[in-house]
Every structure is written in structure tokens, then in C-alpha cells.
Amino acid sequence: MDELAMQPRRRRLVHEFAVGAGRIAVPLAARGVPVSGIELSRAMAARITGKPGGDAVEVTIGDMTTTRVAGRFSLVYLVFDTISNVTAQDGQVDVFRNAAGHLRPGGLFLVEVALPDLRRLPPGQDTVPFTMAPGTDGGGYVGFDQYDVVTQAFTSNHVTVSADGTGRFRRIPFRYAWPAEMDLMARIAGMTLKHRWADWDRSEFTAESTKHVSIWETGRGR
């Protein structure tokens, strides 16, 4: 995104899907990049204005699968695995279509998302632990993902136990999609793959990669 700050102002307009509390949008705005966003949670969006420079970020409350804002952008981005929060394939396709609808000809849609950890699943098992840590108060925390390889649905499960034996369990639903599936979603939306990296450092995407940062481009003749 550093390249955006060096482009003429008319080419620097960017838009974030699921802008959240502005972890990315606010620093971009502070660097002089005109940025707006869509956010489903009013509580999260309200936190943006309390940050230095947050008042420069224009936020629209809505669902990134359908909500449209005025104007066309050079870049739409969706980071921190948030595409997986859309738990149906049709909904994920709608995200791509909505992104394409916000982009000017030659505009870019960027997605950062982790890959499912299916290579660690032995036959007959559907669960992969990702964290097991002792708590500072004598309790502990266990995190594990549970996969359904038929539907591509998975849940992120979080178990926290306090020193007194009381516990808390949280279960969050997601849907994973392989990079090739996302390329097809992009084609449905009229976009083609331009870049794919293993991380923000633009390292090569390989079979050993655990995430990808992908960029698709809209047709310049739209």
C-alpha cells in the first residue's frame, strides 16, 4: 500500500471492506490516503472516530456482500481473514462482485486470508489444535479448529479455564476457500489474478504457505 501514497490524488482513493476499528484505515488516512470503509458493527465503527486522524475515515454501516457507497476506487481491500467470516459460498462470491462494483477500470481487489490447516488432519479426525497455553493466574487456554471438508465450513473454538476451575467456551463459524476457488469467484465478478504472495513481504506463494495475499484486477475496458 506504500505505492498509493506516491500516486496522484485521483488514483489514491481506497475502500476497506470490514473496516472494523480502523486498524489499517486510520494509518492510511494519516498518511494522506483518502480512505473509506464498510463495517457491519456500529460499536466497532464508533471506535474509529476516537483515534487520532480517525475523523478522516468515512464509514458506512452495512454488509460487505451488498452495501454500496458512491464513487469508484483504485483499491478495495479485505484483510485479517475476514472473507472467511462470510459462511456461504454464494456470500463470498457476492463479496467479490461488490468489490468489483466499487472499482474503476484497472482497479484492484486485495484479500489477505489464512489457508485451512487440513494437511495436519489424519484420517478420521476433524480437529486441529492451534494454541495451548497456561494462564498467568494458574488457569489455561486451548484453541482448536474443527473442519467439515464436505461443506468447507469450520469453527474456531476457544476454551479458557480460570484457576478456580470455572471456564468459558466460544465457538466462531467460518468458511474456508482455496486460492483457486477465489480466482474463480474473481472471474465471476469480472476480475483476473494479478499477484499472489505468501505474505506482505511479497514472498513466493508455495505449497508450504500458510496464508496468501492475493490481488485481482478489474478489466480496463469496463
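**Aromatic pairs.** I count rings of Phe, Tyr and Trp (its six-membered ring) as a pair if their centres lie within 6.5 Å; planes under 30 degrees apart are stacked, over 60 edge-to-face, and the rest tilted. The model I am searching is predicted, so I ask local features for pLDDT of at least 70 and side-chain atom pairs for 80 or more, while totals for chains, interfaces and linings use all residues. Residue numbers run from 1 along each chain as its sequence is written, and side-chain values use heavy atoms, with hydrogens and water left out.

My search of the whole structure returns nine aromatic pairs. I looked up Phe-109 with Trp-216: the ring centres are 6.1 Å apart and the planes stand at 35 degrees, so this pair is tilted. It joins distant parts of the chain, with Phe-109 in strand 5 and Trp-216 in strand 11 (residues 211-218), 107 residues apart. For elements I use DSSP runs numbered from the N terminus: helices are H or I with at least four residues, strands are E with at least two. Phe-109 and Trp-216 are both buried. My accessibility classes are buried under 20% relative accessible area, exposed over 50%, and partly exposed in between (1.4 Å probe, protein chains only).

I also noted a cluster. Ring pairs link Tyr-147, Phe-154, Phe-174, Tyr-176 and Trp-178.

**Largest pocket.** Which residues come closest to its centre? First, the volume: about 850 Å³. The lining holds 36 residues, and Asp-81, Val-113, Ala-114, Leu-115 and Phe-154 are the closest to the centre. Strand 5 (103-114), strand 6 (127-134), strand 7 (140-148) and strand 8 (153-161) are the elements that give two or more residues to this lining.

My pocket terms follow. On a 1 Å grid over the protein atoms alone, a cavity is a set of points where a 1.4 Å probe fits but cannot get out; a pocket is an open set with protein on both sides within 12 Å along at least five of seven lines; lining residues have an atom within 4 Å of a point. Points are joined across faces, edges and corners, and the volume is the space filled by probe spheres set on them.

**Loop between strand 4 and helix 4.** I looked at Phe-80, which is in this loop. Its phi is near 60 degrees, a positive value in a residue other than glycine. The charged end of Arg-23 sits over the Phe-80 ring, 3.8 Å from its centre. I call a charge over a ring when NZ of Lys or CZ of Arg is within 6 Å of the ring centre and within 35 degrees of the ring normal.

Thr-82 belongs to the loop between strand 4 (73-78) and helix 4 (89-102). Thr-82 counts as buried because its relative accessibility is 17%. Leaving aside neighbours within four places in sequence, Thr-82 is in contact (heavy atoms within 4.5 Å) with Ala-18 and Met-64. Thr-82 and Val-19 are 63 residues apart in sequence, and their C-alpha atoms are 9.9 Å apart.

Arg-202 is in the loop between strand 10 (191-197) and strand 11. I read a positive phi of about 65 degrees there, although Arg-202 is not a glycine. Arg-202 is partly exposed at 46%. Asp-201 is in the loop between strand 10 and strand 11 and is exposed at 60%.

Gly-62 lies between strand 3 (58-61) and strand 4. Gly-62 is buried at 12% relative accessibility. Not counting residues up to four places away, Gly-62 touches Ile-38, Glu-39, Leu-40 and Thr-67.
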